[in-house]
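Have a look at the structure first, then take the points in turn.

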Amino acid sequence: MRQHGSWQGDGIYFGADYNPEQWPEQVWADDVALMRRAGVNLVSVGIFSWALLEPSPGRYEFGWLDRALDVLHAGGIRVDLATATASPPPWLAHRHPETLPRTVDGTVLWPGGRQGYCPSSPIFRQHSLALVETVADRYAEHPAVVMWHVSNELGCHNVHCYCDVSAEAFRDWLRERYGDLDRLNDAWGTTFWSQRYHDWAEINPPRAAPTFANPTQQLDFLRFSSDAQRAQLRAEREVLKRRVGQPVTTNFMIGMGIKHMDYHSWAADVDLVANDHYLTVTDPNAHLGLAFAADHTRGVAGGDPWLLMEHSTSAVNWQPRNVAKTPGQLRRNSLTHVARGADGVLFFQWRASRAGAEKFHSALVPHAGPDTKVFDEVCRLGADLTALAEVRGSRVDADVAILFDWEAWWGVELDSHPSVDVTYADRMRALYDALWRAGVTADVVHPSTDLSGYRLVLVPTLYLVRDADAEALGRYVAGGGTALVTYFSGIVDEHDHIRLGGYPGAFRDLLGVRTEEFFPLLAGERVALDDGSTADVWTEWLHPAGAEVVASYEDGPLPGVPALTRHRVGDGTAWYLATRLDEAATDALVGRLLTEAGVRPPAAAPPGVEVVRRRADDRSWLFVVNHTDAEATLDVTGTDLLTGQPCGGTLRVPAGEVAVVRDEPAVSGAVPAGEPSPAAAA
Ligand code: GAL
Ligand code: ZN
C-alpha cells in the first residue's frame, strides 16, 4: 500500500521534466540559476535517457548524469529520478525485432518514435529491469534524489499489442482468470456464432476480424492490456524497493482523453499518485475538464494529496492547432490543481527543445529565453507556491461523490450497442459540470469506495457493475443517502452478460422501475418533457415499480412514459434519469438534488468563479479562481496568502486572478462585511 504523506517536501513542489542531455553542459549552470530565480525545487531527470545511458547492451555511461545531478544538488534543486525505461534504444529492436509492437491488423510499429515495445515482451522486460537495477544502485544514496519515476506514461502509445508474444501472454492471463476452458467459454458466451474453444492455443487477442469481435473477449483483452502495463510498473517498483528508500511513483494520465489504463487498480503500486494533465484547447470548458481530472486524480489517490507531474506552461505540439495560453491562464490552471489536492505542480518541460518532435511544445524557459511572458508567469507562480507552503498535506472538502469505473467505460463503449451516442464521458461530464457551475466539489471515486460520508452520490452510465458495488449503493441509499443513476446503467455484469428481468438490471429494485425496451433517438431528434425541459439521444419504455414519477415525455416515441423518477428506499432516496436532459434541465435537477441532500458550496460566488476548500485539522483555505473577465466579490473573512492581505468580510478577486484565503475563526470586533479592514486600509 501507499505510504501516505511521506513524499512531500517542506512546501509545494514546483518544477518540470529537465533534460540536460539535450544541451551543452555550459547551459546547465544557467538552468540552475534560472530555476532558483523561479523558485523551482524539483525536477524529473532521465526520463528518455536510456539510449545515452546504455549505448550498447550492458555498457553503461553515467558520467553526464553524475555531473547533472551534482550541479542540481549544488543549486539546492531536488530530483525525481527516472528509471529511464520509457523508450528503448534503437539497438534493442535492431537485435530483437520481436520486441516491436503490432497493431490490431498486424502492422509492426517501428522504432523512431517512442515507447516502441511490446508490453509483454520478456526481452524488453529483462533489458529494462537490468537498467533499473543499475540506475538504482548508482543513485540510491544521491542526496539530490527524493523520488523515483518509473518509466513514463505507461501505455500512452503501446497499450494494445496484438503480436504473438502478446497472444501467449493473453492466454496465460486467461488461464489465471478462468482456470479452465469451460469457464472461459461460459464467460465469453461462445455458443454464439460458433466460437466455442476446445484448446487454449485456439485463442487470440481480438485481432482484426470480418465483423464484431466477441465483446467479452474484447473486454478481457482491455483488462489484460491494462494489467500488462501495470506489470511493468510493478516489476520496476520491486527492483527499486530492494535498493532505494525514496518513494516511487509514475505519471498517470487521468482525464477523459486516455481510456485504457485502469488506474484504480494501479494506485496501490505507487507510494504517491502523480498525474499528467493537458488542456483540450478546443473545449470552451477546458477548465472544467481540468477540475474533473484533478478531482478524479484525488479519488484515485484515496483523498490523499497528489502530485501534478506534467502540464504545460502554454501551447503543446500535438494538437492540430496549438493555441497558446492567455496571460493568467497558466496560474489559474496550476492553482486549480493545488485547490483540488495537488501538493506539487510540475511541467513538461524546463527548457524548450531545439530539435525533435516536441520542439514547438511550450516550456518554462521558451526559445525566446527568460525575458518573456511565460517565464514571468513561471516566476510569479513560483512565488505563489512558496506562499502556499502551509497548505501542503491538507485534504479537500467534498460532500458529493461521482462513481467512475474504467471497466464500465470500456464496457459501455464496446460496439453493437443501442446507440453510438451513449459514451462514458458524456453524462460523466454533464453531471460534473453541473456541480462545478453550482460551486460544489465532488470526489470522483470507484464504485467500491465507502460512500457513507457523502450526502449525494451520482452514478452516470454505469453500464457494467459488479453485484457487490450495486448492493453497496443500495445500502448507502437505505441508510439515508441520496443517489442519482442515469440511463444505460446496471445493464451487465463483469462478463458483459445482460442482467435479465428488465433494465436497469442491477439497479431495478433500488430505483423502483422496470424498463422493457430502449428507444434511442436519431441524431438531432429531440423530445419535450412535461416539466418544460427537453432531451435527446435516449428514451426508454419504463414502468414505475414503486417509484414516483417526476417528469414524463410529452412527445417523441413514448408520450406519457416516465423519464425521471424518485424512489424512497429506507431513509434515503434513489433517483433515475432515463433520458439525456439538456444543460439547463441538468443544472436544475442537480440543484434540486443538492438542496434535498443539504449540500452547499464552500462560499457563494458569481458564475464562472470557482471555489474549493482544502482543510487541515485546525484551519482551512478557500481557493477562489476567477475565470471571468470581471472582478468578483465574495463574502469571505481571512487572509489571502497570495497577496498577504486580510479580507474582513469582503474578498475582491480581479478578473482572471486567484485568491487563497486562510480561514480564521471570527474574532470579536470583526469588521462588518463590505468595509475595508483596518489592516487593508493601513
Ligand atoms: C506527455 C509526455 C511528455 C511530453 C508531453 C508533451 O505525454 O509524458 O514526455 O511528451 O506529453 O505534452
Ligand atoms: Zn506484443
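**Notes on the model**

1. You'll find Phe 212 in the loop between α7 (181-188) and α8 (215-241). Together with Phe 192 and Trp 193, Phe 212 makes a nonpolar surface patch of about 360 Å². Keep in mind that this is a predicted model.

2. Now for ligand 1. The residues around it include Phe 48, Tyr 278, Trp 318 and His 361. By class, that shell has four nonpolar, two polar and five charged residues. An oxygen atom of ligand 1 sits 2.3 Å from a polar side-chain atom of Glu 358, and there are also oxygen contacts at 2.8 Å with the side chain of Asn 152 and at 3.0 Å with that of Arg 114. The protein covers 95% of the 310 Å² of accessible area that ligand 1 has on its own.

3. Salt bridges next: the structure holds 46 of them. One joins Arg 662 and Glu 390, with the closest N and O atoms 2.8 Å apart. Arg 662 is in strand β27 (residues 658-663) and Glu 390 in the loop between α12 (373-387) and β10 (395-396), so this pair ties together parts 272 residues apart in sequence.

4. Another salt bridge pairs Arg 526 with Asp 536 (3.8 Å, N to O). Arg 526 belongs to strand β16 (residues 526-528) and Asp 536 to strand β17 (residues 534-536). Arg 526 is partly exposed at 46% relative accessible area, while Asp 536 counts as buried at 15%.

Notes: Residues are numbered from 1 along each chain as its sequence is written. Chains are lettered from A and ligands numbered from 1 in the order in which they are written. This is a predicted model: local features need pLDDT of at least 70, side-chain atom pairs count only at pLDDT 80 or more; totals for chains, interfaces and linings use all residues. Side-chain values use heavy atoms; hydrogens and water are left out. A residue is near a molecule or strand if one of its heavy atoms lies within 4 Å of it. A polar contact is a pair of N or O atoms within 3.5 Å; within protein, one must be able to donate a hydrogen and the other to accept it, and residues adjacent in sequence count only if both atoms are side-chain atoms. Accessible areas come from the Shrake-Rupley method with a 1.4 Å probe; for residues, only the protein chains shown count as cover. Ala, Val, Leu, Ile, Met, Phe, Trp, Tyr, Cys and Pro count as nonpolar, Asp, Glu, Lys and Arg as charged, and the others, Gly among them, as polar. Patches are made of residues with over 30% relative accessible area and no salt bridge: like charges are joined within 9 Å, nonpolar side chains (Val, Leu, Ile, Met, Phe, Trp, Tyr) within 5 Å. A salt bridge is a side-chain nitrogen of Lys or Arg within 4 Å of a carboxyl oxygen of Asp or Glu. Helices (H or I, at least four residues) and strands (E, at least two) are DSSP runs, numbered from the N terminus. Buried means under 20% relative accessible area, exposed over 50%, partly exposed in between (1.4 Å probe, protein chains only).
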